[in-house]
Amino acid sequence: MDLKELYRDVILDHNKKPRNFGALAPPARHATGHNPLCGDRLEVYVQLQDDRIEDLRFEGAGCAISVASASLMTEAVKGKTLAQAQQLFEAIHHLLTDQAAPTPEFLGKLAALSGVREFPARVKCASLCWHTLNSALAAPAPIAVSTE
Amino acid sequence: MSNAITLSSLTASPVAPSVAQPLETQLDRIRADFPILSTSVHGKPLVYLDNGASSQRPTAVIDALSDYARHTHANVHRGVHYLSQKATDAFEGARETVRQFLNAKSCKEIVFVRGTTEAINLVAQSYGRPRLQPGDEIIVSHLEHHANIVPWQMLAQQTGAQVKVAPINEQGELQMDALAALFTQRTRILALTHVSNALGSVFPIRECITLAHQHGVPVLIDGAQAVPHTAVDVQALDCDFYVFSGHKLFGPSGIGVLYGRESLLQAMPPWQGGGDMILSVSFTGTTYNELPYRFEAGTPNIEGAVGLAAAISYVNAIGLDRIGAWESQLLSYATEKLSQIDGLRIIGTAKHKASLVSFVVDGVHAHDLGTILDQDGIAIRTGHHCAMPVMEFFGLSATARASFAFYNTKAEIDALVSSVSGAAALFR
């Protein structure tokens, strides 16, 4: 197994310079993801406009795979409808767990994560952000709190 | 030592206990005793540096397990037939081997359990639960493994007692003055690790025990990380409870030991009920068995005990003094070489350390390090090491940990250093 298959340039780049990094204030929805194996913690914030994901950010510390995966996810999902996001989630799930799965065109840059499936211990690192996004989408929209 | 299996394996061992040569002069022969050490991982020779999680087994242990299954197995303490007696002799022989290993006064003080975790739970529930009252206090340290925190938290919840935490300093050393200040009239037990699994710090347990006894408080010592590295004498320590696991001591998993001072065990109710822990049972009442069987309900892990005894005999044959001397060289060498890597920081710099190094590398998460090292055939532990309060203390979510055993070599540390340097370069 070539490590470069796992740590592709796209992954290293997104790990070093995570996109959409930070928090969104309420009424953005929010969820926390935990990887109990490593103690990593991920916060995902999502702003919905009807059934469209208008904005999406994440925060947290983690391994290169989890940070890059979250960063790539925010780029891929931003602006998509809930149905499109769900389609991406399912495609990513296949990509990470099914050795024989072809890589659909619409995954775009997310295809860089395909090397992860050769490292079963690391699949959770890549999927944590997606599960956290799902939790955030399922969470009730919080009431905006003003601190003025 | 009445365990014939163990003795016959030992006779075949190339290492004689009386030989006073430094261990490193016999490393090749010692390594040949551990079949797994000559295997390959991802096409590279295995470099096994995860001994703190679980250690490897010598042929003497593998053979003891196999011989037991081939020639000895039956249930213990029950049958009048030949094999039952033979299995009972092997099991009780193993108990005697453990007694000598810890220098306990009596085999009544040696209870076989599944491991360190079960031993601590047993003490918390059987010693602690009937005694503790609301407002009573349990002291642990900030450096404990979850196994020496959670059972006490559960006990506190059940009884209304509270858990107090003895602080550590930036080096990962126990702050003795602060520990001393925690004792009150309500302190009922002190539970401390002997050697920290996350950082390697060696606690001054003799002083801690003396201190606790001045307050009339019994002490449980978690020896899981200590027994592979240093000789333990529970009488010299004046220890009340000392617990450890077989699989970190080159033995099988699923077997461990609770040493308990006889007078304390005698006053403790059974933890689990079942066969073997009774003298007589009727529906009007049950008479419990004597020590240590009162705490060994059900058919025990017989081969586990036999394997553990074989492991102890093997370690004794090598000699813990020689093991300690070689491991301290490994620790110094690893500390020096790893420190030279740009951006690497060692977490835990206690004056007294067992042979393990916990570290972080700037820009490289421990999990990525673990995966990269694995591709080079190097096994280390990465993560929170089941010691999340320790990680929190240092403001980290994870570290990489290389933990050494006496069979490790300086060449393996060179391989570790080279692989860590490569990983650091990949992420720069």
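Predicted model: local features only at pLDDT ≥ 70, side-chain atom pairs only at ≥ 80, totals over all residues.
Trainee: Which element gives the largest share of the side of chain B that touches chain A?
Mentor: Two elements of chain B give two or more residues to that side, helix H13 (366–375) and helix H15 (410–427). The largest share is five residues, and it comes from H13(B).

Trainee: How many residue pairs are in polar contact across the interface of chain B and chain A?
Mentor: Let's begin with who takes part: the contact draws 20 residues from chain A and 15 residues from chain B. On the chain B side, these divide into two charged, five nonpolar and eight polar. With both residues of a pair at pLDDT 80 or more, the number of pairs in polar contact is six.

Trainee: What is the area buried between chain B and chain A?
Mentor: Good one to ask. The size of an interface is often given as the accessible area lost when the parts come together. Here carbon and sulfur atoms give 60% of that area, and the total is about 1300 Å².

Trainee: Is Phe427(B) buried or exposed?
Mentor: Phe427(B) lies in helix H15 of chain B. Leaving aside neighbours within four places in sequence, its contacts include Tyr7(A), Leu12(A) and Ala64(A) from chain A, along with Val364(B), Asp368(B) and Ile372(B) from chain B. Its relative accessible area is 9%, and the cut-off is under 20%, so Phe427(B) is buried.

Trainee: What separates the C-alpha atoms of Phe427(B) and Val364(B)?
Mentor: Val364(B) is among the residues in contact with Phe427(B). The two are 63 residues apart along the chain, yet their C-alpha atoms are separated by 6.4 Å.

Trainee: What is the radius of gyration of chain A?
Mentor: Chain A has five helices and three strands, running α-α-β-β-β-α-α-α from the N terminus on. For 148 residues the globule rule gives 15 Å, and chain A comes close to that, so it is as compact as a globular protein of that length, with a radius of gyration of 15 Å.

Trainee: What percentage of the residues of chain A count as buried?
Mentor: The C-alpha atoms of chain A fill a box of roughly 55 × 30 × 25 Å along the principal axes. Of the contacts with a separation of 6 or more, 60% come from residues 24 or more positions apart. Of the 148 residues, the share that counts as buried is 49%.

Definitions and conventions:
Residues numbered from 1 in each chain as written. Chains lettered and ligands numbered in written order. Heavy atoms only, no water. Contact = heavy atoms within 4.5 Å. Buried area = accessible area lost by both parts, 1.4 Å probe. Polar contact = N/O pair within 3.5 Å; in protein donor to acceptor, adjacent residues only side chain to side chain. Helix = DSSP H or I, 4+ residues; strand = E, 2+ residues; numbered from the N terminus. Nonpolar A, V, L, I, M, F, W, Y, C, P; charged D, E, K, R; others polar. Buried < 20%, exposed > 50% of the residue type's maximum accessible area, 1.4 Å probe, protein only. Rg over C-alpha atoms; globule rule 2.2 N^0.38 Å.
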